[in-house]
Amino acid sequence: MARSADCRSRSVITDRPVVEQQIGPETFEYRPGFLGRDHADGLLQYLWRGVVWHQDPIVMFGRRVLQPRLTAWFGDAGARYRYSGLDLEPDSWPRRLAELKDSLQRELEQSFNSVLVNAYRDGRDCMGWHADDEPELGPVPTIASLSLGATRRFLIRRGNGGPSTPMDLEHGSLLVMRGDAQSRYRHAVPRTARPVGLRINLTFRHVRQA
Ligand SMILES: O=C(O)CCC(=O)C(=O)O
Ligand SMILES: [Fe+2]
């Protein structure tokens, strides 16, 4: 699904604890402190300094605009991924991301062959409402989302709109999206006017190879 380049949060954020009511751990499971502080600090620095970042143009409502964040795509050879008009051929795994992938595979009993890395340089960088429902991810994908750096608010809502449920994704946390998470819900990381520093998010995925 195309990620909107304009990622203002248009939906109403309610104070009700809708997480428990609507969104069970079988779809969005949040694990704070999945990585220890030192590991998370080291990984953030390693990625920010070491990754060759891209800022790709995407076509939004017929206009070419730059994505409001920096990205990189790593994976096994042939794990191609297409979204928002981009066709991404992965770069080969940096050692520390390969290690992290291996430990997530053991922990979640799920195989991953690629990771999309997003860097949000400040509160203006964001991700519009979308679901990770591209056909190459399969009908019921499990996606492991690891967050590093500044805490950003992640919103979840039903595909048909309505109120959204906020989750604050902290440094070193893991959010596992599985089950109906992509088919029935959408998610976003809205812009924020709060002064926030760098955040890097890693979404480990399994892409079906053609
Ligand atoms: O940055 C995040 O927490 C979300 C990233 C995301 O939704 C994606 O890469 O598809
Ligand atoms: Fe996503």
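The expected span of a helix is 1.5 Å times one less than its number of residues. In this predicted model, helix 2 (residues 37-50) has 14 residues and extends 20 Å from its first C-alpha to its last, close to the 20 Å expected at 1.5 Å a residue. Its buried residues are Leu43, Leu44 and Leu47. These residues lie on the same side of helix 2, because they cover an arc of only 105° around the axis. The face of helix 2 turned away from the buried side carries the exposed residues Arg37, Asp38, Gln45, Arg49 and Gly50.

Helix 3 (residues 95-108) also has 14 residues, and from its first C-alpha to its last it reaches 20 Å, close to the 20 Å expected at 1.5 Å a residue. Leu97, Leu100, Lys101 and Leu104 are the buried residues of helix 3. They span an arc of only 105° around the axis, so they are placed on the same side of helix 3. On the face turned away from the buried side, helix 3 carries the exposed residues Arg95, Ala98, Glu99, Asp102, Ser103 and Arg106.

The strands are considered next. Strands of a sheet pair through backbone hydrogen bonds, in a parallel or an antiparallel sense. An open sheet of 6 strands has the order 1-12-9-14-7-4, and its pairing is antiparallel. At the edges stand strand 1 (28-31) and strand 4 (70-75), each of which pairs on one side only. The twist in this sheet averages 15° from one strand to the next. Within the sheet, strand 9 and strand 14 run antiparallel and are joined by 6 bridges. Alanine 144 stands opposite phenylalanine 204 in strand 14.

An open sheet of 4 strands, also with antiparallel pairing, has the order 8-13-10-11. Strand 8 (127-130) and strand 11 are at the edges; each has a single partner strand, so one side of each is left without a neighbour in the sheet. From one strand to the next, the twist averages 20°.

Strand 8 is joined to strand 13 by 2 bridges, and the two run antiparallel. Histidine 130 stands opposite histidine 187 in strand 13. Strand 13 also pairs with strand 10, in the antiparallel sense and over 4 bridges. Here alanine 188 in strand 13 is the bridge partner of leucine 155. Strand 10 and strand 11 pair over 5 bridges, again in the antiparallel sense. Arginine 152 stands opposite leucine 169 in strand 11.

Strand 13 is mostly covered, with 5 of its 5 residues buried. In a regular strand the side chains alternate between the two faces of the sheet. In strand 13, Tyr185, His187 and Val189 point one way, Arg186 and Ala188 point the other way, and all are buried.

Two residues illustrate the contrast between buried and exposed positions. Arginine 186 is located in strand 13. Arginine 186 counts as buried because 22 other C-beta atoms lie within 10 Å, and the cut-off for a buried residue is 20 or more. Asparagine 160 is in the loop between strand 10 (152-158) and strand 11 (165-169). Asparagine 160 counts as exposed because it has 7 other C-beta atoms within 10 Å, where the cut-off for an exposed residue is 12 or fewer. Asparagine 160 and arginine 186 are 26 residues apart in sequence, and their C-alpha atoms are 8.8 Å apart in space. Arginine 186 and arginine 157 are 29 residues apart in sequence, with 5.5 Å from C-alpha to C-alpha.

Definitions and conventions:
Residues numbered from 1 in each chain as written. Chains lettered and ligands numbered in written order. Predicted model: local features only at pLDDT ≥ 70, side-chain atom pairs only at ≥ 80, totals over all residues. Pairing = 2+ DSSP bridges. Axes fitted to C-alpha atoms, helices over the stretch in contact; angles between N-to-C directions. Arc of directions from axis to C-beta.
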